[in-house]
Amino acid sequence: LIATSLTDRYDLTLDLTASRLYEITEDTKTMLQELEDTVDITILSAEDDFEKDTYYSKVHTLLQKYQNLAGEKLEVSYVDPYTNPNAIERYSDLASSLQTGSMILTCGDNTRVLNASDFYALEESSSYSGYYDVTGFQGEQALTSAILSVTNEETPAAYILQGHNESISTSLSSLFTNAGYTANTLNLTESKEIPEDASVLVLSLPQADYTETEINRMDRFVKN
């Protein structure tokens, strides 16, 4: 089943100025111009609907800029899931994360899904309970991170430590996944060693002391 997009998940207000909204950093420009492998982007929407949508219209404009920079290395196609449901059968393993307007990026065996909420910074409204304000457009961060994620042969792994009453939120995990990492949890009281694929260890406001053994393991990780 395809869920509807951002406006059906949140009650939102939108107040974004056009000033510098679609500027792209030099790092992203270089990355796009130096792409070696083709990245396929499938958008689950008719292009006309995507372009006119309140939230996705900004993504559409940004994506056009990316295409101009990447050329043939960025292939974009639109599939309307309502008029052509059979076309999305191959994404059945991603069904739980798909919505109308979802952007599916693939390169080789790597796949990444972006939805409307990935492109915007949201903040709970201080005026109305249950409402969220869109406080910023983070389109470049989301799209560039997703392209890097599917084009990298190895995805860096972040491990968020737990077992000491740490403060672990979904937003913390999203921070890393949006930056192209896999986000995992790790309890050093149960694991003898830190996994070899770990690139980052995250200590998120622990409320209890780490043991000497745990500190030694973290120390070895940092030094290596």
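This is a predicted model: local features need pLDDT of at least 70, side-chain atom pairs count only at pLDDT 80 or more; totals for chains, interfaces and linings use all residues.

These entries cover a sheet, a helix lying on it, a hairpin and a helix pair.

I looked up the strand order and found an open sheet of 3 strands, E9-E8-E10, with parallel pairing. Strand E9 (182–186) and strand E10 (198–202) are at the edges and have a single partner strand each, so one side of each lacks a neighbour in the sheet. From one strand to the next I read an average twist of 30 degrees. I then checked the pairing of strand E8 (residues 157–161) with E9, which is parallel and runs over 5 bridges. For one bridge I looked up the residues: Leu161 has Leu186 in E9 as its partner.

Which strands does helix H7 lie across? I found helix H7 (residues 212–223) across E8 and E10, at about 135 degrees to E10. I checked its span next: the 12 residues of H7 reach 16 Å from first C-alpha to last, close to the 16 Å expected at 1.5 Å a residue.

I listed the buried residues of H7, taking buried as under 20% relative accessible area. They are Glu214, Arg217 and Met218. Viewed down the axis of H7, these buried residues fall within an arc of 95 degrees, so they line one face of the helix. I looked up what the buried residues of H7 pack against, and the answer is E8 and E10. On the face of H7 turned away from the buried side I found the exposed residues Glu212 and Lys223.

I looked up strand E6 (residues 120–124) and strand E7 (residues 131–137), which pair in the antiparallel sense over 5 bridges. Tyr120 is opposite Phe137 in E7. The hairpin of E6 and E7 has 6 residues between the strands, and I noted a positive phi near 85 degrees at Gly130.

At what angle do helix H2 and helix H5 pack? I read about 35 degrees for helix H2 (residues 26–33) and helix H5 (residues 139–151), with their axes 11 Å apart. The crossing of H2 and H5 is left-handed.

Technical notes: Residues are numbered from 1 along each chain as its sequence is written. Side-chain values use heavy atoms; hydrogens and water are left out. Two strands pair if DSSP finds at least two bridges between them. Helices (H or I, at least four residues) and strands (E, at least two) are DSSP runs, numbered from the N terminus. Axes are lines fitted to C-alpha atoms, for helices over the stretch in contact, and angles run from 0 to 180 degrees between N-to-C directions. Contact means heavy atoms within 4.5 Å. The expected span of a helix is 1.5 Å times one less than its number of residues. Buried means under 20% relative accessible area, exposed over 50%, partly exposed in between (1.4 Å probe, protein chains only). The arc is that of the directions from the helix axis to the C-beta atoms. A crossing is left-handed if the near helix is turned anticlockwise from the far one by less than a right angle, and right-handed if clockwise.
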